[in-house]
Amino acid sequence: AEMDSVSYHGLESFECTICDNVVVVLDSNDTSIFDKESVRKALGLSTDADKTMAIAALTKCPKPGNDKGSSITFTVPSDNNSIRNITLCLVPTACSRNNTPSKSHSVGQLIKSNRGNGDITIVLLPSNDDWITPQAVQAVKQFPLYCEKKIFRDNLNNNKTTEINLIVNYI
């Protein structure tokens, strides 16, 4: 049974709708990332107050460990009069035996544990251009296009599918 649709978008040229559930994966807690208009657009941060909330959240995000990343979630108003949940995820600081320099294994774990329910926008902001592909592969692996588990079949029979927008960029 087919479950999810995955759309890939470049940060500078995407035209997709930002979902009310956004997961952002970063490899540093440098708050200057929110100075880029394209990053704010991808996260759905439309006002200066939203940007200030994002900077405060990233500053308060727990420091990631050597093997385990960290995350923090905050909310901002959405365009459709609802609430947008934005989760900022920081990848681990070291490269363990279960990981690679891109820390793609941790990217998959962070997305899986913070994906929530319903449609999702995933924004990957690696600091190295070579890390885009492995991180993107791990991100979409968390949303199988085919599964025979009962809950997936039931959701498909009830026409419940998930839209995943994957937005990536080299910082």
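Predicted model: local features only at pLDDT ≥ 70, side-chain atom pairs only at ≥ 80, totals over all residues.
Biologist: Thanks! In what order do the elements of the protein chain run from the N terminus on?

Modeller: The secondary structure comes to five helices and six strands. Read from the N terminus, their order is β-β-α-α-β-β-α-β-α-α-β.

Biologist: Among contacts between residues at least 6 apart in sequence, what percentage join residues at least 24 apart?

Modeller: A contact here means heavy atoms within 4.5 Å. Among contacts in the protein chain that span at least 6 places, the share joining residues at least 24 apart is 73%.

Biologist: Which elements do the buried residues of H3 pack against?

Modeller: H3 covers residues 104-114, and its buried residues are Ser 104, Ser 106, Val 107, Gly 108, Leu 110, Ile 111 and Asn 114. These pack against strands E2 (21-26), E3 (70-77), E4 (83-90) and E5 (120-125), and against H4.

Biologist: At what angle do H3 and H4 pack?

Modeller: Axes are lines fitted to C-alpha atoms, for helices over the stretch in contact, and angles run from 0 to 180 degrees between N-to-C directions. The axes of H3 and H4 (residues 132-141) are 8 Å apart, and the angle is about 30°.

Biologist: Which residues of H3 and H4 make the contact?

Modeller: The residues of this contact divide into four nonpolar, five polar and no charged. For that count, Ala, Val, Leu, Ile, Met, Phe, Trp, Tyr, Cys and Pro are nonpolar, Asp, Glu, Lys and Arg charged, and the others, Gly among them, polar. From H4 come Pro 134, Gln 135, Gln 138 and Ala 139, and from H3 come Ser 104, His 105, Val 107, Gly 108 and Ile 111.

Biologist: Is Ile 132 buried or exposed?

Modeller: Ile 132 has its place in helix H4. The C-alpha atoms of Ile 132 and Val 168 are separated by 6.9 Å, although the two are 36 residues apart along the chain. Because its relative accessibility is 15%, Ile 132 counts as buried.

Biologist: Which residue has a positive phi although it is not a glycine?

Modeller: Most residues other than glycine have a negative phi, and most peptide bonds are trans. In the loop between E4 and H3, a residue that is buried with a relative accessible area of 12% has a positive phi of about 60°, and that residue is Lys 103.

Biologist: Which residue takes a positive phi of about 65° just after H3?

Modeller: Here we move to the other end of the helix. Just after H3, the residue with a phi of about 65° is Gly 116.

Biologist: Which residues does Ala 94 touch, not counting residues up to four places away in sequence?

Modeller: Ala 94 lies in the loop between E4 and H3 and counts as partly exposed because its relative accessibility is 27%. Leaving out residues up to four places away in sequence, Ala 94 touches Asn 66 and Lys 103.

Biologist: Why does Asn 66 count as exposed?

Modeller: Asn 66 sits in the loop between helix H2 (48-60) and E3, and touches Pro 92, Thr 93 and Ala 94, residues up to four places away in sequence not being counted. Asn 66 is exposed because its relative accessible area is 51%.

Biologist: How many residues does H1 give to the lining of the second largest pocket?

Modeller: On a 1 Å grid over the protein atoms alone, a pocket is an open set of points with protein on both sides within 12 Å along at least five of seven lines, and lining residues have an atom within 4 Å of a point. This one is lined by 17 residues, of which Ile 18, Lys 41, Gly 44, Asp 79 and Arg 84 lie nearest its centre. Lys 41 lies in H1 (residues 37-43). H1 gives the most to the lining, and its number of residues there is three.

Key:
Residues numbered from 1 in each chain as written. Heavy atoms only, no water. Helix = DSSP H or I, 4+ residues; strand = E, 2+ residues; numbered from the N terminus. 1 Å grid on protein atoms, 1.4 Å probe; cavity = no way out; pocket = protein on both sides within 12 Å on 5 of 7 lines; lining within 4 Å. Buried < 20%, exposed > 50% of the residue type's maximum accessible area, 1.4 Å probe, protein only.
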